[in-house]
Amino acid sequence: MTNPVDMLVGPNLTLTPEHEMIRQTARDFARKEIAPIAAHFDETGEFPFKTIKKMGALGLMGIEIPEEYGGAGLDTLSYVLGMVEISKVDAAHGTVMSVNNSLVCHGLHKFGAEAQKQKYLVPIAGGQQIGAYSLTEPMSGSDAGSMKSRAVRSGDHYVINGRKSWVTSAPVADIVVLFTMTAPEKRHKGITAFIVETGKPGFLRGKAEPKLGIRASATSEIVFEDYRCPVEDRLGEEGQGFKIAMDVLDAGRIGVAAQALGIAEAAYEASVAYATEREAFGSKIGEFQGIQFKIADMKTRIEASRLLIYSAALAKERCKTTGGRYTLESSMAKLFASETAMFCAHQAVQIHGGLGYSKELPVERYFRDAKITEIYEGTSEIQRLVIARNELGLR
Ligand code: CAA
(Lines give C-alpha, C1' and ligand atoms only; values in the text may rest on other atoms or scores of the structure.)
Protein backbone atom coordinates (compact mmCIF):
# COMPACT_ATOMS: atom_id res chain seq x y z
CA MET A 1 0.00 0.00 0.00
CA THR A 2 1.12 3.57 -0.71
CA ASN A 3 2.52 5.44 2.25
CA PRO A 4 -0.57 7.16 3.70
CA VAL A 5 1.33 10.42 4.16
CA ASP A 6 1.68 10.67 0.35
CA MET A 7 -2.05 10.46 0.03
CA LEU A 8 -2.69 13.99 1.17
CA VAL A 9 -0.46 15.72 -1.37
CA GLY A 10 -2.10 17.89 -3.97
CA PRO A 11 -4.85 20.46 -3.62
CA ASN A 12 -7.70 17.96 -3.85
CA LEU A 13 -6.48 15.64 -1.07
CA THR A 14 -6.78 12.81 -3.56
CA LEU A 15 -7.16 9.33 -2.12
CA THR A 16 -5.09 6.42 -3.39
CA PRO A 17 -6.89 3.73 -5.44
CA GLU A 18 -6.62 1.39 -2.41
CA HIS A 19 -8.36 3.92 -0.21
CA GLU A 20 -11.02 4.57 -2.84
CA MET A 21 -11.63 0.83 -2.98
CA ILE A 22 -12.24 0.41 0.74
CA ARG A 23 -14.48 3.47 0.74
CA GLN A 24 -16.50 2.13 -2.20
CA THR A 25 -16.78 -1.34 -0.64
CA ALA A 26 -18.15 0.09 2.60
CA ARG A 27 -20.43 2.50 0.73
CA ASP A 28 -21.91 -0.21 -1.50
CA PHE A 29 -22.44 -2.54 1.45
CA ALA A 30 -24.08 0.16 3.57
CA ARG A 31 -26.45 1.24 0.82
CA LYS A 32 -27.39 -2.27 -0.24
CA GLU A 33 -27.53 -4.14 3.09
CA ILE A 34 -27.93 -1.59 5.89
CA ALA A 35 -30.08 1.19 4.40
CA PRO A 36 -33.18 -1.03 3.95
CA ILE A 37 -33.12 -2.26 7.58
CA ALA A 38 -31.83 0.76 9.52
CA ALA A 39 -35.21 2.27 10.43
CA HIS A 40 -36.61 -1.08 11.59
CA PHE A 41 -33.68 -1.86 13.89
CA ASP A 42 -33.72 1.70 15.23
CA GLU A 43 -37.43 1.35 16.01
CA THR A 44 -37.21 -2.06 17.68
CA GLY A 45 -33.77 -1.77 19.27
CA GLU A 46 -32.95 -5.30 18.06
CA PHE A 47 -29.30 -6.06 17.41
CA PRO A 48 -28.53 -6.47 13.67
CA PHE A 49 -26.55 -9.72 13.92
CA LYS A 50 -26.73 -10.57 10.21
CA THR A 51 -25.30 -7.32 8.88
CA ILE A 52 -22.62 -7.16 11.58
CA LYS A 53 -21.53 -10.70 10.63
CA LYS A 54 -21.38 -9.67 6.97
CA MET A 55 -19.28 -6.65 7.90
CA GLY A 56 -16.87 -9.06 9.57
CA ALA A 57 -16.66 -11.15 6.40
CA LEU A 58 -15.84 -7.97 4.44
CA GLY A 59 -12.95 -7.21 6.80
CA LEU A 60 -14.64 -4.20 8.40
CA MET A 61 -14.42 -5.41 12.01
CA GLY A 62 -10.61 -5.48 12.28
CA ILE A 63 -9.47 -3.14 9.53
CA GLU A 64 -6.06 -2.19 10.91
CA ILE A 65 -5.17 -5.57 12.37
CA PRO A 66 -2.57 -7.56 10.38
CA GLU A 67 -3.98 -10.47 8.37
CA GLU A 68 -2.03 -12.99 10.48
CA TYR A 69 -4.27 -11.95 13.41
CA GLY A 70 -7.52 -12.12 11.47
CA GLY A 71 -7.72 -8.50 10.33
CA ALA A 72 -7.71 -6.76 6.96
CA GLY A 73 -4.15 -5.40 7.32
CA LEU A 74 -5.06 -1.87 6.19
CA ASP A 75 -4.18 1.54 7.64
CA THR A 76 -5.96 4.03 9.90
CA LEU A 77 -7.23 6.11 7.01
CA SER A 78 -8.92 3.00 5.57
CA TYR A 79 -10.60 2.52 8.96
CA VAL A 80 -11.79 6.13 8.92
CA LEU A 81 -13.15 5.87 5.38
CA GLY A 82 -15.02 2.66 6.22
CA MET A 83 -16.44 4.13 9.43
CA VAL A 84 -17.74 7.24 7.66
CA GLU A 85 -19.58 5.23 5.00
CA ILE A 86 -21.19 2.78 7.43
CA SER A 87 -22.17 5.53 9.90
CA LYS A 88 -23.58 7.71 7.14
CA VAL A 89 -26.23 5.06 6.57
CA ASP A 90 -26.61 3.89 10.15
CA ALA A 91 -24.63 5.22 13.11
CA ALA A 92 -25.63 2.22 15.27
CA HIS A 93 -23.72 -0.14 12.96
CA GLY A 94 -20.91 2.43 13.18
CA THR A 95 -20.86 2.15 16.98
CA VAL A 96 -20.48 -1.64 16.95
CA MET A 97 -17.79 -1.36 14.25
CA SER A 98 -15.89 1.38 16.08
CA VAL A 99 -15.83 -0.37 19.46
CA ASN A 100 -14.76 -3.67 17.89
CA ASN A 101 -12.01 -2.10 15.76
CA SER A 102 -10.47 0.44 18.04
CA LEU A 103 -11.49 -0.15 21.64
CA VAL A 104 -11.02 -3.92 21.43
CA CYS A 105 -8.79 -4.96 18.49
CA HIS A 106 -6.37 -2.05 18.81
CA GLY A 107 -5.84 -2.75 22.53
CA LEU A 108 -5.45 -6.51 22.13
CA HIS A 109 -3.01 -6.04 19.27
CA LYS A 110 -0.89 -3.39 20.99
CA PHE A 111 -0.86 -4.75 24.54
CA GLY A 112 -1.77 -8.45 24.21
CA ALA A 113 0.65 -11.35 24.63
CA GLU A 114 1.04 -13.64 21.61
CA ALA A 115 -1.21 -16.35 23.14
CA GLN A 116 -3.90 -13.73 23.89
CA LYS A 117 -3.76 -12.50 20.30
CA GLN A 118 -4.15 -16.01 18.94
CA LYS A 119 -6.99 -16.89 21.28
CA TYR A 120 -8.95 -13.61 21.43
CA LEU A 121 -7.84 -11.19 18.73
CA VAL A 122 -8.09 -13.53 15.73
CA PRO A 123 -11.85 -14.25 16.04
CA ILE A 124 -12.71 -10.67 17.04
CA ALA A 125 -10.74 -9.03 14.21
CA GLY A 126 -12.20 -11.52 11.74
CA GLY A 127 -15.74 -10.68 12.86
CA GLN A 128 -16.59 -14.23 14.00
CA GLN A 129 -16.91 -12.85 17.53
CA ILE A 130 -17.80 -9.46 18.99
CA GLY A 131 -15.79 -7.57 21.59
CA ALA A 132 -16.63 -4.93 24.19
CA TYR A 133 -14.63 -2.45 26.32
CA SER A 134 -15.59 -1.62 29.87
CA LEU A 135 -14.14 1.35 31.78
CA THR A 136 -17.19 3.30 33.01
CA GLU A 137 -19.02 2.60 36.28
CA PRO A 138 -22.26 4.06 37.68
CA MET A 139 -20.24 6.57 39.80
CA SER A 140 -17.20 6.97 37.55
CA GLY A 141 -17.54 8.27 34.00
CA SER A 142 -15.28 11.20 33.12
CA ASP A 143 -13.26 10.58 36.31
CA ALA A 144 -12.22 7.16 35.08
CA GLY A 145 -9.54 6.75 37.76
CA SER A 146 -12.09 6.62 40.61
CA MET A 147 -13.65 3.22 39.89
CA LYS A 148 -14.99 0.96 42.65
CA SER A 149 -14.87 -2.52 41.07
CA ARG A 150 -12.10 -4.79 42.32
CA ALA A 151 -9.88 -7.67 41.22
CA VAL A 152 -8.08 -9.54 44.01
CA ARG A 153 -5.28 -11.97 43.22
CA SER A 154 -5.87 -15.49 44.50
CA GLY A 155 -3.13 -17.90 43.39
CA ASP A 156 -3.19 -18.24 39.61
CA HIS A 157 -6.49 -16.29 39.33
CA TYR A 158 -7.95 -12.89 40.05
CA VAL A 159 -11.39 -12.76 41.66
CA ILE A 160 -13.39 -9.88 40.19
CA ASN A 161 -16.39 -8.16 41.77
CA GLY A 162 -18.32 -5.01 40.89
CA ARG A 163 -20.65 -3.31 38.49
CA LYS A 164 -19.77 -1.55 35.21
CA SER A 165 -22.13 0.57 33.13
CA TRP A 166 -22.65 1.84 29.60
CA VAL A 167 -20.81 -1.07 28.01
CA THR A 168 -21.37 -0.95 24.25
CA SER A 169 -22.00 -4.41 22.77
CA ALA A 170 -22.03 -6.08 26.22
CA PRO A 171 -25.35 -7.88 25.57
CA VAL A 172 -23.88 -9.60 22.51
CA ALA A 173 -20.14 -9.70 23.23
CA ASP A 174 -18.01 -12.83 23.50
CA ILE A 175 -15.26 -11.04 25.39
CA VAL A 176 -14.94 -7.79 27.31
CA VAL A 177 -11.72 -5.85 27.83
CA LEU A 178 -12.27 -4.84 31.45
CA PHE A 179 -10.54 -2.17 33.54
CA THR A 180 -10.75 -2.67 37.29
CA MET A 181 -8.84 -1.88 40.49
CA THR A 182 -6.18 -4.23 41.80
CA ALA A 183 -4.67 -1.62 44.18
CA PRO A 184 -7.33 0.98 45.09
CA GLU A 185 -4.97 3.05 47.28
CA LYS A 186 -2.91 3.86 44.18
CA ARG A 187 -5.86 5.44 42.28
CA HIS A 188 -5.17 5.34 38.53
CA LYS A 189 -1.85 3.53 39.06
CA GLY A 190 -3.82 0.71 40.71
CA ILE A 191 -5.98 -0.09 37.69
CA THR A 192 -5.38 -3.30 35.73
CA ALA A 193 -6.85 -4.55 32.44
CA PHE A 194 -8.28 -8.05 31.95
CA ILE A 195 -9.80 -10.04 29.12
CA VAL A 196 -13.08 -11.43 30.38
CA GLU A 197 -15.07 -14.24 28.74
CA THR A 198 -18.77 -13.49 28.90
CA GLY A 199 -19.78 -17.18 28.93
CA LYS A 200 -17.99 -17.95 32.22
CA PRO A 201 -19.59 -18.14 35.68
CA GLY A 202 -19.55 -14.88 37.63
CA PHE A 203 -20.15 -12.71 34.54
CA LEU A 204 -23.69 -11.34 34.46
CA ARG A 205 -25.35 -8.98 32.02
CA GLY A 206 -27.14 -6.22 33.91
CA LYS A 207 -29.92 -3.90 32.83
CA ALA A 208 -29.97 -2.73 29.24
CA GLU A 209 -29.37 1.01 28.94
CA PRO A 210 -32.48 2.61 27.35
CA LYS A 211 -31.03 5.00 24.77
CA LEU A 212 -32.12 8.09 22.80
CA GLY A 213 -30.15 7.11 19.70
CA ILE A 214 -27.87 4.43 18.18
CA ARG A 215 -30.68 2.16 19.32
CA ALA A 216 -29.68 -0.85 17.23
CA SER A 217 -26.36 -1.05 19.06
CA ALA A 218 -26.66 -3.03 22.28
CA THR A 219 -25.59 -1.38 25.56
CA SER A 220 -25.91 -2.67 29.10
CA GLU A 221 -24.45 -2.83 32.55
CA ILE A 222 -22.30 -5.80 33.43
CA VAL A 223 -21.93 -7.31 36.87
CA PHE A 224 -19.10 -9.42 38.28
CA GLU A 225 -19.83 -11.81 41.13
CA ASP A 226 -16.65 -13.67 42.08
CA TYR A 227 -15.65 -13.99 38.42
CA ARG A 228 -12.41 -15.98 38.32
CA CYS A 229 -10.03 -14.59 35.71
CA PRO A 230 -6.87 -16.64 35.05
CA VAL A 231 -3.64 -14.67 35.39
CA GLU A 232 -2.86 -15.37 31.72
CA ASP A 233 -5.94 -13.28 30.77
CA ARG A 234 -4.54 -10.15 32.39
CA LEU A 235 -3.83 -7.60 29.64
CA GLY A 236 -0.49 -5.93 30.31
CA GLU A 237 0.99 -5.58 33.77
CA GLU A 238 -0.73 -4.91 37.09
CA GLY A 239 -1.23 -1.15 37.43
CA GLN A 240 -0.85 -0.51 33.68
CA GLY A 241 -4.59 -0.52 33.06
CA PHE A 242 -5.26 3.24 33.12
CA LYS A 243 -2.60 3.93 30.49
CA ILE A 244 -3.94 1.09 28.33
CA ALA A 245 -7.46 2.51 28.70
CA MET A 246 -6.29 6.00 27.67
CA ASP A 247 -4.14 4.75 24.80
CA VAL A 248 -7.07 2.74 23.48
CA LEU A 249 -9.38 5.76 23.80
CA ASP A 250 -6.98 7.79 21.66
CA ALA A 251 -7.65 5.26 18.90
CA GLY A 252 -11.35 5.07 19.74
CA ARG A 253 -11.85 8.81 19.50
CA ILE A 254 -10.73 8.77 15.85
CA GLY A 255 -13.44 6.17 15.23
CA VAL A 256 -16.10 8.27 16.96
CA ALA A 257 -14.97 11.32 14.97
CA ALA A 258 -15.40 9.35 11.74
CA GLN A 259 -18.81 8.15 12.90
CA ALA A 260 -19.79 11.77 13.60
CA LEU A 261 -18.59 12.82 10.15
CA GLY A 262 -20.78 10.13 8.60
CA ILE A 263 -23.85 11.40 10.47
CA ALA A 264 -23.03 15.01 9.52
CA GLU A 265 -22.68 14.10 5.85
CA ALA A 266 -25.99 12.23 5.86
CA ALA A 267 -27.77 15.21 7.45
CA TYR A 268 -26.13 17.60 5.02
CA GLU A 269 -26.94 15.60 1.88
CA ALA A 270 -30.57 15.22 2.95
CA SER A 271 -30.72 18.99 3.51
CA VAL A 272 -29.26 19.87 0.11
CA ALA A 273 -31.68 17.51 -1.63
CA TYR A 274 -34.65 18.94 0.25
CA ALA A 275 -33.57 22.57 -0.28
CA THR A 276 -33.48 22.03 -4.05
CA GLU A 277 -36.92 20.34 -4.16
CA ARG A 278 -39.16 21.96 -1.57
CA GLU A 279 -40.92 25.18 -2.57
CA ALA A 280 -42.27 27.95 -0.34
CA PHE A 281 -43.42 31.47 -1.16
CA GLY A 282 -43.05 30.70 -4.88
CA SER A 283 -39.35 29.64 -4.75
CA LYS A 284 -37.22 26.63 -3.94
CA ILE A 285 -36.31 27.05 -0.27
CA GLY A 286 -32.60 26.83 -1.22
CA GLU A 287 -32.99 30.21 -2.89
CA PHE A 288 -33.56 31.86 0.48
CA GLN A 289 -30.52 33.16 2.35
CA GLY A 290 -31.82 31.69 5.62
CA ILE A 291 -31.35 28.21 4.15
CA GLN A 292 -28.19 29.07 2.18
CA PHE A 293 -26.38 30.18 5.34
CA LYS A 294 -27.24 26.89 7.04
CA ILE A 295 -25.95 24.93 4.04
CA ALA A 296 -22.74 26.97 3.95
CA ASP A 297 -22.06 26.48 7.66
CA MET A 298 -22.78 22.74 7.49
CA LYS A 299 -20.51 22.20 4.49
CA THR A 300 -17.63 24.22 5.96
CA ARG A 301 -17.74 22.42 9.30
CA ILE A 302 -17.93 19.02 7.54
CA GLU A 303 -14.83 19.70 5.45
CA ALA A 304 -12.96 21.07 8.47
CA SER A 305 -13.90 17.90 10.40
CA ARG A 306 -12.64 15.75 7.56
CA LEU A 307 -9.24 17.47 7.62
CA LEU A 308 -8.90 17.06 11.39
CA ILE A 309 -9.87 13.39 11.16
CA TYR A 310 -7.48 12.65 8.30
CA SER A 311 -4.75 14.46 10.20
CA ALA A 312 -5.45 12.32 13.30
CA ALA A 313 -5.46 9.16 11.16
CA LEU A 314 -2.09 10.09 9.68
CA ALA A 315 -0.71 10.90 13.14
CA LYS A 316 -1.79 7.49 14.41
CA GLU A 317 -0.28 5.81 11.37
CA ARG A 318 3.05 7.59 11.96
CA CYS A 319 3.03 6.57 15.64
CA LYS A 320 2.80 2.90 14.62
CA THR A 321 6.40 3.15 13.44
CA THR A 322 7.83 6.02 15.46
CA GLY A 323 6.03 5.39 18.78
CA GLY A 324 4.65 8.34 20.71
CA ARG A 325 1.11 9.59 21.12
CA TYR A 326 -1.51 11.21 18.91
CA THR A 327 -3.75 12.22 21.84
CA LEU A 328 -4.02 15.85 20.75
CA GLU A 329 -4.95 15.10 17.13
CA SER A 330 -7.46 12.47 18.19
CA SER A 331 -9.18 14.70 20.77
CA MET A 332 -9.38 17.67 18.39
CA ALA A 333 -10.90 15.49 15.66
CA LYS A 334 -13.45 13.99 18.05
CA LEU A 335 -14.38 17.33 19.59
CA PHE A 336 -14.89 19.16 16.32
CA ALA A 337 -16.52 16.33 14.35
CA SER A 338 -18.99 15.43 17.11
CA GLU A 339 -20.08 19.05 17.53
CA THR A 340 -20.36 19.26 13.74
CA ALA A 341 -22.59 16.17 13.68
CA MET A 342 -24.88 17.71 16.29
CA PHE A 343 -24.90 21.06 14.47
CA CYS A 344 -25.66 19.50 11.07
CA ALA A 345 -28.36 17.18 12.41
CA HIS A 346 -29.99 20.13 14.20
CA GLN A 347 -29.91 22.27 11.04
CA ALA A 348 -31.21 19.37 8.94
CA VAL A 349 -34.29 18.97 11.16
CA GLN A 350 -34.90 22.71 10.94
CA ILE A 351 -34.53 22.82 7.15
CA HIS A 352 -36.98 19.92 6.81
CA GLY A 353 -39.48 21.55 9.17
CA GLY A 354 -42.28 19.20 10.28
CA LEU A 355 -40.94 16.47 8.01
CA GLY A 356 -37.61 16.62 9.85
CA TYR A 357 -39.48 15.84 13.06
CA SER A 358 -41.30 12.90 11.49
CA LYS A 359 -40.22 9.27 11.55
CA GLU A 360 -41.04 9.09 7.84
CA LEU A 361 -37.52 10.38 7.11
CA PRO A 362 -34.20 9.37 8.72
CA VAL A 363 -33.41 13.01 9.59
CA GLU A 364 -34.82 12.73 13.12
CA ARG A 365 -32.68 9.59 13.58
CA TYR A 366 -29.54 11.55 12.62
CA PHE A 367 -30.50 14.10 15.29
CA ARG A 368 -30.91 11.41 17.98
CA ASP A 369 -27.78 9.50 16.89
CA ALA A 370 -25.52 12.57 16.70
CA LYS A 371 -25.83 13.40 20.40
CA ILE A 372 -23.92 10.39 21.69
CA THR A 373 -20.79 11.37 19.73
CA GLU A 374 -20.46 14.39 22.06
CA ILE A 375 -20.67 12.10 25.09
CA TYR A 376 -19.12 8.64 24.76
CA GLU A 377 -15.40 7.92 24.70
CA GLY A 378 -14.92 11.21 26.50
CA THR A 379 -17.37 14.12 26.53
CA SER A 380 -16.68 17.34 24.61
CA GLU A 381 -15.67 18.87 27.96
CA ILE A 382 -13.10 16.10 28.52
CA GLN A 383 -11.74 16.58 24.98
CA ARG A 384 -11.31 20.32 25.69
CA LEU A 385 -9.53 19.45 28.92
CA VAL A 386 -7.19 17.00 27.15
CA ILE A 387 -6.42 19.53 24.39
CA ALA A 388 -5.83 22.43 26.80
CA ARG A 389 -3.65 20.36 29.18
CA ASN A 390 -1.59 19.25 26.21
CA GLU A 391 -1.11 22.81 24.96
CA LEU A 392 -0.39 24.27 28.40
CA GLY A 393 1.96 21.46 29.37
CA LEU A 394 -0.30 20.57 32.35
CA ARG A 395 -1.43 17.24 33.73
N1 CAA B 1 -2.17 7.64 26.59
C2 CAA B 1 -1.32 7.08 27.49
N3 CAA B 1 -1.21 7.49 28.79
C4 CAA B 1 -2.00 8.51 29.16
C5 CAA B 1 -2.90 9.14 28.29
C6 CAA B 1 -2.96 8.68 26.95
N7 CAA B 1 -3.79 9.23 26.07
N8 CAA B 1 -3.56 10.12 28.95
C9 CAA B 1 -3.08 10.11 30.21
N10 CAA B 1 -2.14 9.14 30.34
C11 CAA B 1 -1.35 8.82 31.51
C12 CAA B 1 -0.64 10.06 32.05
O13 CAA B 1 0.59 10.26 31.40
C14 CAA B 1 -0.48 9.74 33.51
O15 CAA B 1 0.63 8.89 33.67
P16 CAA B 1 1.63 9.02 34.96
O17 CAA B 1 0.78 8.79 36.16
O18 CAA B 1 2.67 7.95 34.75
O19 CAA B 1 2.19 10.40 34.92
C20 CAA B 1 -1.72 8.93 33.82
O21 CAA B 1 -2.22 8.43 32.58
C22 CAA B 1 -2.83 9.75 34.49
O23 CAA B 1 -3.11 10.85 33.65
P24 CAA B 1 -3.92 12.11 34.18
O25 CAA B 1 -3.28 12.63 35.44
O26 CAA B 1 -4.08 13.06 33.05
O27 CAA B 1 -5.31 11.44 34.59
P28 CAA B 1 -6.65 12.09 35.13
O29 CAA B 1 -7.16 11.26 36.23
O30 CAA B 1 -6.50 13.56 35.35
O31 CAA B 1 -7.67 11.83 33.89
C32 CAA B 1 -8.77 12.27 31.81
C33 CAA B 1 -7.47 12.32 32.63
C34 CAA B 1 -8.40 12.84 30.47
C35 CAA B 1 -9.86 13.14 32.43
C36 CAA B 1 -9.25 10.82 31.69
O37 CAA B 1 -9.70 10.31 32.92
C38 CAA B 1 -10.32 10.64 30.64
O39 CAA B 1 -10.05 10.57 29.45
N40 CAA B 1 -11.62 10.55 31.08
C41 CAA B 1 -12.70 10.21 30.15
C42 CAA B 1 -12.92 8.74 30.15
C43 CAA B 1 -13.72 8.28 28.96
O44 CAA B 1 -13.47 8.69 27.83
N45 CAA B 1 -14.67 7.38 29.20
C46 CAA B 1 -15.45 6.78 28.19
C47 CAA B 1 -15.31 5.28 28.28
S48 CAA B 1 -15.77 4.27 26.94
C49 CAA B 1 -17.39 4.53 26.61
O50 CAA B 1 -17.77 5.63 26.42
C51 CAA B 1 -18.36 3.38 26.52
C52 CAA B 1 -18.28 2.54 25.32
O53 CAA B 1 -18.57 1.36 25.37
C54 CAA B 1 -17.89 3.12 24.02
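## Domain layout

The chain is divided into domain 1 (4-130), domain 2 (132-239) and domain 3 (242-392), with bounds that come from an automatic or database domain assignment. This is a predicted model, in which local features need pLDDT of at least 70 and side-chain atom pairs count only at pLDDT 80 or more, while totals for chains, interfaces and linings use all residues. Residues are numbered from 1 along each chain as its sequence is written, and side-chain values use heavy atoms, with hydrogens and water left out.

## Domain 1 and domain 3

The centres of domain 1 and domain 3, taken over C-alpha atoms, are separated by 19 Å. In domain 1, 34 residues are in contact with 34 residues of domain 3, contact meaning heavy atoms within 4.5 Å. Between them the two domains bury about 2,700 Å², 64% of it on carbon and sulfur atoms; this is the accessible area (1.4 Å probe) that two parts lose on being put together, summed over both.

Seven salt bridges are counted between domain 1 and domain 3, each a side-chain nitrogen of Lys or Arg within 4 Å of a carboxyl oxygen of Asp or Glu. Lys88 forms a salt bridge with Glu265, and their closest N and O atoms are 3.1 Å apart.

## Helix α12

The buried residues of α12 are Ser380, Ile382, Gln383, Val386 and Ile387, where buried means under 20% relative accessible area and exposed over 50% (1.4 Å probe, protein chains only). Seen down the axis of α12, these residues fall within an arc of 165 degrees, so they line one face of the helix. The face turned away from the buried side carries the exposed residues Glu381 and Leu392.

Notes: Helix = DSSP H or I, 4+ residues; strand = E, 2+ residues; numbered from the N terminus. Arc of directions from axis to C-beta.
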